[in-house]
Amino acid sequence: STLPLMFDQINILRNLDTGSLSSTFPFTSNELTQDEGILYGVNRHNNSLIIFDRFKLENANSVIFAKSGSGKSYFVKLECLRYLMLGTDVIVVDPEKEYKMLCDAVGGSYLDISLNSDKRINPFDLPVNAKEPGEDVLRSNISSLHGLVNLMAGGLSPEEDSVIDKAFYETYALKDITADPESQQNEPPLLIDFVNVLGNMNGTESLRARLTKYVEGSFASLYNQRTNFELKPGFVVFSVRDLEESLRPIAMYTILNYIWTKIRMEMRRRIMVIDEAWWMMQYEDSAK
C-alpha cells in the first residue's frame, strides 16, 4: 500500500480536521518581520520585508562567512548605517581602509593607527569610573597586558611567565596605583616603566632584549606613549592598514583592549565590526 501504485490494500480511513489538512498544502511561508529593527532585505518567498533587531535576541553577536565578492562588506556597512540612524554606536577595526569614505560621510572619527600617525594608545590605561571593584579592574587589565607582552615577545618561557605578573603589579605601584579605586585615577605607567622594572628582576634578560624595540627602537613611538584621543559615541573606525604586518596582531590586540576598557563603563547599544578577523585568529592571545 505504500508503493506509488495507487493500490490501498489496507483500506483504513481516517478523518482529517482542517488543521491537519492544511499541512498537506505547504503554499505559505513564514514572515520574517518584527515590529522593531532595521530593514535587511526582501523575503523572496512572499516578497515581504525582513525587519529584524539583533539586540532583541539572547545574544546579538554574529559572524559572516562568504566567498570573495559576494557582498560581505556591503552587507556589514549597510547594517551599520541603519543601526547608526537608530542611535547605536558603531566601532570598526579596519585592516584594509575600506570604511574611510563611509566614516567621512557620516561624520565619524577615523583613527589611523600606524608608526607615522599621531594617534597613540597606552596599553596600561585603566578604566575610569568602572562599576567593578578596584581589585578586579587591576587584575583584568594585568591579564590583558600579560597577553600583549606574550605577543610582543613572541612567546614566554615558564620562568618569564611567572615573573611578569609580579612585574606588572610593581609597575603600577611605581605610580601609586593599587587595588584602591581612588589610586586608579593616577596617571598610568608606560611600557618603558615595565621594562625598567624587569631590569631589577632576575632571569628577565632575554625578555627585556625582545621588548627593547618597543621602548627604544623603531616601534617606540607606537607603544610607549600616552593615549591621546577619546573614544566618542557615533561611528569610530580604527585603521591598521599602514602598519607593518608583524605589528598588526599586536595593534589589534591593543585596540580591542582599549575599546573594552572604555565601553565597559557604560552599557548601551554598540556594534563592533572586526573586519578580516583572521588577522587575529592566527595568534592565540589575540584570538582569545
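1. Asn 11 sits in the segment before α1. In this predicted model, its phi is near 60°, a positive value in a residue other than glycine. Asn 11 counts as exposed because its relative accessibility is 56%, and the cut-off for that class is over 50%.

2. Met 6 also belongs to the segment before α1 (18-22). Its phi is positive too, about 65°, although Met 6 is not a glycine. With a relative accessibility of 80%, Met 6 counts as exposed.

3. A further positive phi occurs in a hairpin. Strands β1 and β2 form this hairpin, with four residues between them. Asn 47, in the turn, has a positive phi of about 60°. The pairing of β1 (residues 38-43) with β2 (residues 48-52) is antiparallel and runs over five bridges. Within that pairing, Gly 41 has Ile 50 of β2 as its bridge partner.

4. The largest nonpolar core has 53 residues. Those touching the most other members are Ile 164, Phe 194, Leu 211, Tyr 214, Tyr 223, Phe 238 and Ile 259. Helix α4 supplies the largest share of this core, nine residues. Another core lies apart from it and has 14 residues, among them Val 76, Tyr 83, Tyr 99 and Cys 103. In soluble globular proteins, nonpolar side chains tend to be buried together.

5. Which residues does Tyr 214 touch, leaving aside those up to four places away in sequence? The set is Met 152, Leu 191, Phe 219, Ala 220, Tyr 223, Asn 224, Leu 247 and Ile 250. Two of these partners, Leu 247 and Ile 250, are taken up in the points that follow.

6. Leu 247 is located in the loop between β5 (235-239) and α9. Its relative accessible area is 0%, so Leu 247 is buried; the limit for that class is under 20%. Beyond residues up to four places away in sequence, Leu 247 touches Leu 115, Tyr 214, Phe 219, Leu 222 and Tyr 223. Leu 247 and Gly 155 are 92 residues apart along the chain, and their C-alpha atoms are separated by 15 Å.

7. Ile 250 is part of helix α9. Is Ile 250 buried or exposed? Ile 250 counts as buried, because its relative accessibility is 2%. Its contacts, not counting residues up to four places away in sequence, are Leu 148, Leu 151, Met 152, Tyr 214 and Tyr 223. Between Ile 250 and Asn 150 there are 100 residues of sequence separation, and the C-alpha to C-alpha distance is 9.7 Å.

8. Thr 204 is a buried residue in a loop. The loop in question runs between α6 (191-199) and α7 (205-215). At 0% relative accessibility, Thr 204 falls in the buried class. Thr 204 touches Val 163 and Leu 198, with residues up to four places away in sequence not counted.

9. The largest cavity holds about 60 Å³ of space. Its lining consists of Ile 113, Lys 119, Arg 120, Ile 121, Leu 222, Tyr 223, Ala 251, Thr 254 and Ile 255. By class, this lining divides into six nonpolar residues, one polar and two charged. Helices α8 (220-223) and α9 each supply at least two of the lining residues, and α9 gives the most, with three. Tyr 223, which lines this cavity, is also among the core residues that touch the most other members.

10. On open space, the largest pocket contains about 1600 Å³. Of its 48 lining residues, Ser 62, Met 272, Val 273, Ile 274 and Ala 277 are the closest to the centre. At least two lining residues come from each of α2 (72-85), α4 (134-153), α9 (248-263), β6 (270-274), α10 (278-281) and α11 (284-287). The class make-up of the lining is 22 nonpolar, eleven polar and 15 charged residues.

11. Helix α9 contains Ile 250, supplies at least two residues to the lining of the largest pocket, and gives three residues to the lining of the largest cavity.

Notes: Residues numbered from 1 in each chain as written. Predicted model: local features only at pLDDT ≥ 70, side-chain atom pairs only at ≥ 80, totals over all residues. Heavy atoms only, no water. 1 Å grid on protein atoms, 1.4 Å probe; cavity = no way out; pocket = protein on both sides within 12 Å on 5 of 7 lines; lining within 4 Å. Points joined across faces, edges and corners; volume = space filled by probe spheres on them. Nonpolar A, V, L, I, M, F, W, Y, C, P; charged D, E, K, R; others polar. Buried < 20%, exposed > 50% of the residue type's maximum accessible area, 1.4 Å probe, protein only. Contact = heavy atoms within 4.5 Å. Pairing = 2+ DSSP bridges. Core = buried A, V, L, I, M, F, W, Y, C linked by side-chain atoms within 4.5 Å.
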